[in-house]
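Please have the viewer open as you read.

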Amino acid sequence: MELVEQARFSFQLLAHMTHSIDKRSPFYLQRRELLRLGGLSVVGGSLPWMASTRVKAADDKLPRGTARQVIFINLEGGMSQPDSLDAKQGPWTPNYFDIQACGNGVMLPVGVFLNLPKILDKVSVVRSMAAWDAVHGRAQYYIQTGHPLNPALSKEVPAIGAVVCHELADKRRTTDSLPAYISMNMSGNQAGLINNGFLSAEYGPLNLSIDKGPPDLAPRKEMAETMQRRWGRLQALDQGLRQSQPGLDRSFTDYHQYYRGAWNIMNDPRVPDIFSINDDDKTRYGQSSIGTSLALARNLLRADAGTRFILASHGGWDHHSDIYKPGSRNHPVLMSELDKAFTSLVLDLAALPGSGDRSKSLLDETLIVCMSEFGRTPGEVSATRAGREHYIHAHCGMFAGGGVVQGGVIGKTDAVGGAITDFGWSPGRPIYMEDVACTIYSAMGINWTKKVEETPSGRAFHFVETASGTSYVDFQPINELFA
Amino acid sequence: MNVVLSIQQIHASRSIWLCALFVFWGMAPSVLAQENATAKKPIPVLPKDADHAPDKVNRTRPDADISEQTSSVVAKLPRPANADLEIVRRNFIDEQLFAAMHENKIPHARMSDDYTFLRRVHLDLTGRIPTPDQIATFVNDADSAKRDREIDRLIASDAWVDKWAYWYGDLFRNCANRIGNPSTENLDKWIRQSLSQDKPYDQMVTELLTATASNSVWMPDAAPSGYLARWHIPGDTMYSDRHEDTSDEIVIQSSKFFLGLNFQCISCHGGAGFLEKVDLGLSKKKREDLWALAAFFGKTRVRIVPFQDRFTISEDGNGYDSHSASSVRLHRSGEPVQPTFMLSGEQADSNRPLRAQFAKMLTSHPQFAKATVNLFWKEFFGLGIVEPVDGFDLARQDPANPPPAPWTIQPTNPQLLEDLGKYFADNRFSLRSLMRVLTQSLAYQLSSHFDSEWQASYTPYFARRYVRMLSSEELHDAIVEATGVYPDYPRKHMLYGTPQSPIRYWTQAATPENIGDGDAKQLLRTFGQSNREWANPAKNGSILQAMMMMNSKFVTSRVTASGTSFSKTMIDSKLSDDQIVEAMYLRSLSRKPTELELEIARTWIAENRQIGIEDLQWSLLNKLDFLFNY
């Protein structure tokens with residue numbers, strides 16, 4: 001396995017060197033970057049390998065198109081990699097964690113992740129991720145956009161979800177009454193909720209605040225009649241401002257369009273069912289905000305009422321202190337919440353028929369990404385307050401569905417989970433959020449190298465930029481995630 | 001060298017695109033700049049800042065008597081009238097704007113009527129809608145100077161302090177998550193005190209820029225220091241510090257707030273080769289110029305004290321290192337820099353405190369006054385004279401020294417901007433005086449309704465009022481005021497355990513982080529509340545906002561006739577159906593219903609008193625004129 005990785009790596013390096021004459025200096029930089037980041041040998045592999053990879057590389061620019069919709073689970077605050085999907089036994093590990101090797105050698109605290117081991121055969125675990133920023137705001141901005149934050153740009157940059165929905169716009173049907181992009185529990189996000197940017201407002205997220213129960217989008221049954229009457233009365237009373245007329249500020253009639261959108265959702269007969277979760281589901285998904293969110297995500301996709309991108313946030317992972325403290329909403333509690341919710345989601349989607357192709361399962365059609373904005377300091381917890389700080393050099397995540405390899409694992413870290421020892425994918429460097437963005441676009445059938453010229457400023461918007469905030473990196477889809 | 005160049009080349013694509021936004025924003029208003037530039041009008045002598053009596057507003061709210069009170073109020077209210085109000089230029093703002101309109105044959109809207117004016121000026125100055133009592137008193141007042149008197153009264157009120165202290169908290173992003181709860185509350189308290197005293201703005205800014213803190217929590221003197229500490233940039237861990245990054249951030253943010261200049265572009269790369277088509281002034285600046293500005297903070301160290309909600313600010317640093325690493329930008333590599341004020345080229349005297357010199361250079365530069373008046377102009381007129389308000393292009397300000405084609409002068413009315421800046425400086429940088437002269441102008445008091453067809457080309461003339469959505473805080477306060485169901489959010493006593501009154505109006509809070517129940521928080525977030533942690537969200541409409549207004553518990557529970565709700569008061573009153581409609585319109589929309597509205601709503605109440613009244617309350621809150629300041 002490692003040899004193969006190295007071969008691919010070497011090929012890329014050589015390819016860059018060969019091309020560097022006509023492709024100008026960026027490739028010099030990239031070579032330097034690769035050498036610095038990878039520290040790997042330049043020798044290895046053989047010519048046939050190179051040749052075949054070269055063709056593949058060209059093919060790779062074509063998007064895969066293996067997914068029809070996306071659920072992105074945002075573990076907000078920074079999940080600790082040595083305590084979760086890349087578990088490391090150490091003196092700090094609570095006894096009940098019971099870390100064991102599970103499918104494919106993934107080390108998991110089976111005392112906390114009670115259910116996850118059962119579905120590892122449907123999931124790919126990635127342990128060689130790294131982040132650019134150690135501050136929540138900037139790093140969460142990355143999670144949402146796949147771009148480095150530049151305050152001067154931020155008004156124009158759309159979220160990944162908005163770009164996806166923009167690209168899928170011509171697939172939207174008249175029966176699709178729900179917004180294409182729905183986010184959940186993002187209003188407290190430290191980057192704010194990133195919107196449609198320069199794209200049309202219809203691609204922006206509808207953000208739902210979800211606690212233990214789903215939100216009341218449709219009026220309660222006993223209020224339905226009242227709401228109908230009130231809507232009619234409001235239209236009569238407010239017609240002067242809601243109908244376009246000369247001399248009237250356009251803001252009023254524009255705002256009325258939001259009312260019309262809201263009214264459509266409130267009256268869609270599918271909505272009450274989508275937004276109700278029965279007791280059995282509550283138990284299986286867990287009585288937590290992420291449990292409710294993911295049960296709702298399943299309902300949304302099952303109803304196929306127009307929603308194609310769901311960003312579900314699971315907050316509270318930022319444990320600078322008392323990371324294992326009993327009786328608090330500590331890391332193990334959050335892991336346990338995630339365990340129930342994530343496992344139930346994967347199992348339910350696997351058991352439901354696909355919306356686009358009934359011969360597939362809904363899981364086959366849905367790319368699930370589950371990750372944090374960065375990791376946490378590895379090894380011993382801090383002596384002062386028994387917690388872990390922000391850490392950019394290694395973190396981990398899970399991918400499932402939408403064509404992702406079932407039972408895969410990518411990347412390895414050292415004994416404490418602090419340094420990546422095997423990147424596990426061809427570029428031979430850490431996997432960054434930009435690469436995840438490429439992966440999402442590719443799976444959704446969107447060419448990630450695309451750019452949009454029609455921006456308000458008249459300057460192109462690149463779906464994924466070729467440079468991070470501080471370095472040049474050739475970002476690409478994680479091809480190793482797909483069969 | 002090769003490598004450095006290539007980084008810049010790669011970076012260029014993003015940077016140019018980024019910077020081009022300013023071109024876009026600046027484009028429309030510049031169209032008319034040339035014509036306006038020629039207009040030169042005498043500046044009338046204006047009264048100097050008068051002393052103001054303290055707020056005499058009755059702060060108790062006799063909810064029990066409301067129906068009786070309102071019934072007497074309704075009977076006495078005159079019909080709105082505006083057509084007859086004469087357009088008489090009131091001050092130098094009118095001289096400039098109406099002269100420009102006259103010269104270019106731009107028609108303008110009529111004057112706003114008393115009801116519209118009162119609601120508008122209450123919201124703009126204090127963030128709250130007027131009460132029925134205040135409306136009745138005002139519209140029945142025959143004094144021709146009543147609008148001026150109302151403005152004076154509002155500017156002297158506690159509500160004015162609440163609105164603008166909270167506004168500054170948002171602007172500075174005063175956030176407990178960054179500097180800890182005690183320091184957040186201290187900074188807020190300091191802003192409130194400064195506004196209450198009408199502290200000259202140059203002095204206020206100087207205190208912010210020169211604050212030190214040996215211990216941010218326990219020293220009241222350190223109160224303004226939270227402003228600087230808030231921009232602390234950590235290194236690899238939260239509690240380490242990237243000293244040059246922090247210095248950069250402080251001068252970048254301060255230049256935005258206080259000079260209207262955006263140095264983000266040149267914080268990563270020089271302007272040459274990037275900004276020629278974006279910002280003429282900045283295209284001639286280098287990254288080193290920004291470093292030289294940041295070098296005023298070169299010895300300033302902001303240190304977050306781990307785990308204790310505290311920080312310190314001291315002057316024990318080694319100076320700005322132009323070969324330092326960066327957490328947020330390309331690493332630095334350049335010539336050593338001396339503290340130099342970019343706008344004037346003035347160098348610091350290294351034997352004297354650097355930050356005091358910086359504050360002096362900044363507040364005494366004409367750009368300080370111009371940027372500040374433009375910032376507030378936008379708040380009251382909906383659109384800056386220069387847009388964006390933090391995107392002044394210094395090479396395009398002087399009509400006597402125009403930029404080469406195709407560039408135009410940037411301000412849509414340069415003389416007005418000049419006059420406003422001078423007025424602000426001549427009136428000892430008093431924010432109250434500034435807001436008074438803005439709101440007393442007839443230009444501010446024009447109707448938002450335009451009698452003929454509105455043309456986009458009229459926009460830079462301010463030929464009518466531009467409507468805006470209520471801010472999330474204003475909406476919260478308007479809903480509780482209209483329905484009479486007031487919250488009593490407990491205050492956090494972060495530092496001194498003295499009991500304080502609960503919070504009724506949102507802007508009485510130091511920070512959004514610690515107040516409000518779940519329903520209220522959801523409403524405010526949906527309507528674009530700043531969390532102050534990160535970039536302030538755009539104030540856009542959304543589907544969810546409409547849903548919140550129609551179906552959220554925060555709204556519907558206040559519509560229901562129960563407890564202290566105004567619906568209940570109305571049902572229990574002995575008022576006629578018409579009087580009820582009028583009283584509810586007055587309380588929610590600050591105006592009388594039109595004939596048509598009265599005709600429609602009275603039938604609802606006649607059909608079923610409770611349902612009709614509840615439906616009317618719900619409809620009034622969902623009327624678009626409730627959600628907007630027009």
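Strands here are DSSP runs of E with at least two residues, helices are runs of H or I with at least four, and both are numbered from the N terminus. Two strands count as paired if DSSP finds at least two bridges between them. Within the β8(A) pairing, Gln69(A) stands opposite Thr366(A). Strand β7 (residues 309-315) of chain A also runs parallel to β1(A), joined to it by seven bridges, and there Ile73(A) faces Ala312(A).

## The whole sheet

Eight strands of chain A make up an open sheet with mixed pairing, in the order β6-β5-β7-β1-β8-β11-β4-β12. Its edge strands are β6 (206-208) and β12 (408-410) of chain A, each pairing on one side only. On average, neighbouring strands are turned by 15° against each other, direction ignored.

Helix α6 (residues 160-167) of chain A lies across β1, β5 (181-184) and β7 of chain A, and runs at about 165° to β7(A). Axes are lines fitted to C-alpha atoms, for helices over the stretch in contact, and angles run from 0 to 180 degrees between N-to-C directions; contact means C-beta atoms, placed from the backbone, within 7 Å.

## Backbone details worth a look

Pro388(B) sits in the loop between α16 (366-381) and α17 (414-426) of chain B, and Pro406(B) is found in the loop between α16 and α17 of chain B.

In chain A, Asn185(A) has a positive phi near 55° and lies in the loop between β5 and β6. Asn185(A) counts as buried because it has 22 C-beta neighbours inside 10 Å.

## Notes on the model

Residues are numbered from 1 along each chain as its sequence is written, while chains are lettered from A and ligands numbered from 1 in the order in which they are written. In this predicted model, local features need pLDDT of at least 70 and side-chain atom pairs count only at pLDDT 80 or more, whereas totals for chains, interfaces and linings use all residues.

Conventions. Contact = placed C-beta atoms within 7 Å. Buried ≥ 20, exposed ≤ 12 C-beta atoms within 10 Å, placed from the backbone.
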